[in-house]
Amino acid sequence: MITKTSSLNSDFEFIEKLAVLMDSKFTIPGTKFRFGLDPILNLIPFLGEAVSFAISGALVAIMAKHGASGKTVVKMILNIIVDLIIGGIPLVGKVGDFFFKANKKNLALLKGHYFEGKHQGSGWGIIITIVVILFIIFTLIIYMMYKLAAWLVDLLNISEIFQLF
């Protein structure tokens with residue numbers, strides 16, 4: 001009979017193997033530098049990022065199904081988003097994929113959650129903080145665009161053209 005604990009353990013083992021495969025399966029000879037399939041897949045434009053994102057998302061979904069706390073799930077999703085953003089930067093992002101290992105970070109979050117009792121509780125505090133920061137950034141971008149447009153109008157004397165009408 002499969003119990004919840006044995007199901008969790010088998011899923012955790014699967015996630016651990018997949019995280020190692022994606023982030024640290026291979027070693028460059030003569031170094032301690034490890035990498036996985038994630039940066040290799042990301043060399044394929046769009047498709048590689050999509051496959052890596054889907055695998056990482058599936059890992060989060062499996063653990064959410066097993067009762068990972070909201071805080072843990074939010075942190076895991078943030079790791080995936082950061083990995084996706086880094087990988088999306090032309091040229092630099094491809095190198096960054098070798099160093100930012102979202103699946104390995106998520107595995108550490110899961111171990112902390114399930115075996116050490118860390119990262120308990122709701123993820124709403126993190127979500128609200130992110131929304132506030134994004135709102136501030138968006139507001140600053142709009143303000144800077146306004147200042148740039150005003151500067152360009154002044155620089156090019158466009159205001160005189162509008163006064164003719």
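Tutor: Gladly! In this predicted model, helix α4 and helix α6 (residues 102-116) cross at roughly 170°, and their axes come within 9 Å.

Student: Why is α4 called roughly antiparallel to α6?

Tutor: Set the angle against the cut-off. Angles over 145 degrees count as roughly antiparallel. The axes of α4 and α6 cross at roughly 170°, so α4 is roughly antiparallel to α6.

Student: Which residues of α4 and α6 meet?

Tutor: From α4 come T72, K75, M76, N79, I80 and D83. Their partners in α6 are A102, K105, N106, L109, L110 and H113. Sorted by class, this contact has five nonpolar, four polar and three charged residues.

Student: Which residues take part in the contact of α4 with α7?

Tutor: On the α4 side they are K71, V74, K75 and L78, and on the α7 side I126, I127 and I130. The residues of this contact divide into five nonpolar, no polar and two charged.

Student: Now the whole chain. How many helices and strands does the protein chain have?

Tutor: It has eight helices and two strands. From the N terminus on, the order is α-β-β-α-α-α-α-α-α-α.

Student: How do you know that the protein chain is more spread out than a compact globule?

Tutor: Compare two values. The radius of gyration is 22 Å, whereas the globule rule gives 15 Å for 165 residues. The value is well over the rule, so the chain is more spread out than a compact globule. As for the box its C-alpha atoms fill, that is roughly 85 × 40 × 25 Å along the principal axes.

Student: What share of the residues counts as buried?

Tutor: Of the 165 residues of the protein chain, 28% do. The chain exposes about 11000 Å², and carbon and sulfur atoms supply 75% of that area.

Student: Why is G96 called buried?

Tutor: Buried means under 20% relative accessible area. G96 has 16%, so G96 is buried. Its place is in helix α5 (residues 92-96).

Student: Why is the phi of F46 worth a look?

Tutor: Most residues other than glycine have a negative phi. F46 is a residue other than glycine, and its phi is near 65°, a positive value. L91 also has a positive phi, near 60°, and is a residue other than glycine.

Student: Where is L91, and is it buried or exposed?

Tutor: L91 is found in the loop between α4 and α5. Its relative accessibility is 73%, over the 50% cut-off, so L91 counts as exposed.

Definitions and conventions. Residues are numbered from 1 along each chain as its sequence is written. This is a predicted model: local features need pLDDT of at least 70, side-chain atom pairs count only at pLDDT 80 or more; totals for chains, interfaces and linings use all residues. Side-chain values use heavy atoms; hydrogens and water are left out. Contact means heavy atoms within 4.5 Å. Helices (H or I, at least four residues) and strands (E, at least two) are DSSP runs, numbered from the N terminus. Ala, Val, Leu, Ile, Met, Phe, Trp, Tyr, Cys and Pro count as nonpolar, Asp, Glu, Lys and Arg as charged, and the others, Gly among them, as polar. Buried means under 20% relative accessible area, exposed over 50%, partly exposed in between (1.4 Å probe, protein chains only). The radius of gyration is taken over C-alpha atoms; the globule rule is 2.2 Å times the number of residues to the power 0.38. Accessible areas come from the Shrake-Rupley method with a 1.4 Å probe; for residues, only the protein chains shown count as cover. Axes are lines fitted to C-alpha atoms, for helices over the stretch in contact, and angles run from 0 to 180 degrees between N-to-C directions. Angles under 35 degrees count as roughly parallel, over 145 as roughly antiparallel, 65 to 115 as roughly perpendicular and the rest as oblique.
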